[in-house]
Every structure is written in C-alpha cells, then in structure tokens.
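Biologist: Here is the model to discuss. I would like to go through its pockets.

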Amino acid sequence: MELEGGVFSKVIPKGTVIPCKKTKIFTTASDYQTTVEFPVYEGERPLAKDNHKLDSFTLKGIPPALSGEP
C-alpha cells in the first residue's frame with residue numbers, strides 16, 4: 001500500500017503462501033475523511049513509486065473522525 005508521502009507499506013510479505021489473510025490498521029490522513037483510495041503495489045522498495053502498481057481501490061463510507069484515529 002502507498003501511504004502519505006509516497007512511502008510503501010508491506011501488508012503481505014514476499015514468500016507468503018497464497019491464499020492468505022493479513023490484517024493491518026491504517027488511519028486517515030486528514031480530519032473528517034469519508035473516502036480513502038488505496039493504491040496496491042508489488043515490490044520490496046521503500047518508496048511506492050519504485051514498485052510496480054497493480055491496481056487501486058476506494059473505500060467509501062468511513063465514519064468521519066479526526067486524522068490518526070483508526
């Protein structure tokens with residue numbers, strides 16, 4: 001996943017047997033956000049732009065809250 005500032009966050013590490021289920025908590029970047037776009041990448045580099053973008057999805061209907069609250 002690409003985080004604020006273009007940083008890459010691994011959710012499923014390399015070599016994980018598929019199918020798998022992994023959980024990671026992310027928070028919103030700004031106050032009262034109700035929609036978040038999640039670009040999905042594959043790769044090992046620390047910056048998202050240096051990895052291969054697979055696709056993205058949009059999560060809608062998030063209850064409004066202050067930034068940083070899961």
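Biologist: Which element gives the most to the lining of the second largest pocket?

Modeller: This is a predicted model, where local features need pLDDT of at least 70, side-chain atom pairs count only at pLDDT 80 or more, and totals for chains, interfaces and linings use all residues. Residues are numbered from 1 along each chain as its sequence is written, and side-chain values use heavy atoms, without hydrogens and water. β1 and β2 (52-60) each supply at least two lining residues there (strands are DSSP runs of E, at least two residues, numbered from the N terminus). With 3 residues, the top contributor is β1.

Biologist: What is the volume of the largest pocket?

Modeller: A pocket is an open set of points on a 1 Å grid over the protein atoms alone, where a 1.4 Å probe fits, with protein on both sides within 12 Å along at least five of seven lines; lining residues have an atom within 4 Å of a point. Volume is the space filled by probe spheres set on the points, which are joined across faces, edges and corners. For the largest pocket it is about 450 Å³.

Biologist: Which residues are closest to the centre of the largest pocket?

Modeller: The lining of this pocket has 17 residues, and β1 provides the largest share, 3 residues. Closest to the centre are Phe26, Thr27, Thr28, Val36 and Phe38.

Biologist: Is Thr28 buried or exposed?

Modeller: Thr28 is found in the segment before β1 (35-42). Its relative accessible area is 13%, and buried means under 20% (1.4 Å probe, protein chains only). Thr28 is therefore buried.

Definitions and conventions: Helix = DSSP H or I, 4+ residues; strand = E, 2+ residues; numbered from the N terminus. Buried < 20%, exposed > 50% of the residue type's maximum accessible area, 1.4 Å probe, protein only.
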